[in-house]
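Here is a friendly briefing on pockets and salt bridges. Please have a look at the model first, and then read on.

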Amino acid sequence: MLTYTAPLRDMRFVLHELHDSAGLSQLPGFEEITPDLMDTILDEAARFISATLLPLNASGDAEGCHYENGVVRTPKGFKEAYQAFVGGGWGALNADPAYGGQGLPECLGKLVEEMTCASNLAFGLYPGLSHGAYLALESHGSEALKSLYLPKLAAGSWSGTMCLTEAHCGTDLGLLRTKAVPQPDGSFAISGAKIFISAGEHDLTENIVHLVLARLPDAPAGVKGISLFVVPKFLPNTDGSVGRRNGVLCGGIEHKLGIKASATCQINFDAATGWLVGEPHKGMRAMFVMMNSERLSVGIQGLGVGEAAYQSAAAYARERLQGRSLSGAKRPDKPADPIIVHPDVRRMLMTMRAYNEGCRALGVWVANSLDRMERCTDPAEREAAADFIGLLTPVVKALFTDLGFESTNLALQAHGGHGYIVEHGIEQLMRDARITMIYEGTNGVQALDLVGRKLPADMGRAVRHFFQSVAEFIAHTSAMNGSEHWCGLLAPRSTRYDSPRRPLRRKDSPTLKRPAPLRATTYACSAWSPWVSCGYAWRRLQPRRCRVPPRMPPSIAPSRPPPHSISSASCRRPMRSSRRSRRAKPR
């Protein structure tokens, strides 16, 4: 069975020590947010998730969802767990209090989201998509739409989806064919078919709110002709109650490799009534609010799965007895030592742990910047935070999911043959983790976004600011006792990541005029560029009190370094050349 306990100590360390959660109380709307309050919420979330969601993970995977005559039933126990989840307010942590939410920081919500995905990834998709739909409507919906839908989405009585993909178009949404025909009452008749719609049909809520991309009759070709519509499963009455059935039907569910307890649906719209969200032909702008939110959430999914894989592998390695330590028996009272004494097993465990710690530090950093972008009163700081989030969103999505899947692979290897069978839950983690590298834009698409859009944006302003902070950090810490080794590892990677921005400094740059050669290297760039971001965040975890230069924007620079993590002695120990290298010197 899967082993998972929320890593509260690590979470508190990153939240409070690394990113100074106390500073959030200076932001408008967060005056009453204190570290003690956030600790209490994390404690309660850990207790609820461990008791309610974790026990359903294996059984939900074994049973899967059931489809019959357009109706989808989730696995046994999911409906009760969902009611307990929304009843406890866990789906409304970050929603606006004006619509029934709790108005808590995003950085806190992302840690709760990590616990949810680590315990039961398939379950976490249902409330996670609702939050994305909430954000899109909050940003671009009319006041009438917001007053009707946002309280229901925040309360969890209605859930949300994003309906983008069609059988002939996935990433290239400019090819979509779903149509929207204006009606005399101001609504639109939506007709078309969508596939791969997560949580598109289920029995958890009384209504499902679909955000659908479609074309108006006068729409230009390509993505510039796409509009966004809200299409509920049941048409709401004037008082907000559920009315008659809309022209929305689930045509089937996919039989998948993983996340089997999450209903992935084929949704058919037959002249279904919908309402325009935002401006005509500007649907991608509105949908990107939800898509970017989901990309960050998918990155957190990768982190959650990676943490569960690490904990399960570590627990197994402490219990499994095989062979003796190379340095002598560690458990002479047992017939063999636990496999955690073997160097290769320790290598795998420490690799997973380093991945998780670095990703958590970077993820909370981005979430902290989300809070500052939304609530800071200083326009310059809001701009810096927005640049940072835009730059790091594809990195978080791609890096976290790559490393999460790699962690499940290492965990399976650490289990040996026992990882390949169902009993320990590792094979399910690996199957579940694989989709995170695909949906919400494959990781190759994230590389295109990073190199093709985020690096050149505003003449490379965001990446210049980011690497300025990295360079200043290296310069400030490299001379400190014990930091030479760590900064020596970070500096050359920073230089390599910095190189693509150099051609972006001039408006007449050939790179901007002929972007194809640069984009041809996107995957290679994405293969090493995230390591600088994650390595920078992970390096901040080390026991060095490095004062951040005051001119660095708070949304870009971590607020203060932590006082503890790895022992100082291990950081100060100089690297020794091998005996073989000394013998190889010429006489």
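Which helices and strands each supply at least two residues of the lining of the largest pocket? They are helix H6 (121-140), strand S3 (158-163), strand S5 (188-198), helix H8 (283-319), helix H12 (426-434) and helix H13 (443-454). Helices (H or I, at least four residues) and strands (E, at least two) are DSSP runs, numbered from the N terminus.

This is a predicted model, in which local features need pLDDT of at least 70 and side-chain atom pairs count only at pLDDT 80 or more, while totals for chains, interfaces and linings use all residues. Residues are numbered from 1 along each chain as its sequence is written, and side-chain values use heavy atoms, with hydrogens and water left out.

**Largest pocket**

- The largest pocket holds about 1200 Å³ of space; a pocket is an open set of points on a 1 Å grid over the protein atoms alone where a 1.4 Å probe fits, with protein on both sides within 12 Å along at least five of seven lines, and a volume is the space filled by probe spheres set on the points, joined across faces, edges and corners.
- Its lining (residues with an atom within 4 Å of a point) counts 42 residues, and Thr165, Ile438, Tyr439, Glu440 and Gly441 are the closest to the centre.
- H8 gives the most to this lining, with seven residues.
- By class, the lining has 19 nonpolar, twelve polar and eleven charged residues; Ala, Val, Leu, Ile, Met, Phe, Trp, Tyr, Cys and Pro count as nonpolar, Asp, Glu, Lys and Arg as charged, and the others, Gly among them, as polar.

**Second largest pocket**

- About 680 Å³ of space lies in the second largest pocket.
- Of its 32 lining residues, Leu135, Val289, Leu370, Met373 and Glu374 lie nearest the centre.
- H8 supplies the largest share of the lining of the second largest pocket, six residues.

**Salt bridges**

- There are 23 salt bridges, each a side-chain nitrogen of Lys or Arg within 4 Å of a carboxyl oxygen of Asp or Glu.
- Arg47 pairs with Glu44, with the closest N and O atoms 2.4 Å apart; both lie in helix H2 (residues 35-52), three residues apart.
- Glu427 and Arg431 meet in a salt bridge at 2.8 Å, N to O, and are four residues apart in helix H12.
- Glu427 is buried (under 20%) at 15%, and Arg431 is buried at 15%.
- Arg295, Asp449, Arg453 and Lys454 are linked in a network of salt bridges.

Key
Buried means under 20% relative accessible area, exposed over 50%, partly exposed in between (1.4 Å probe, protein chains only).
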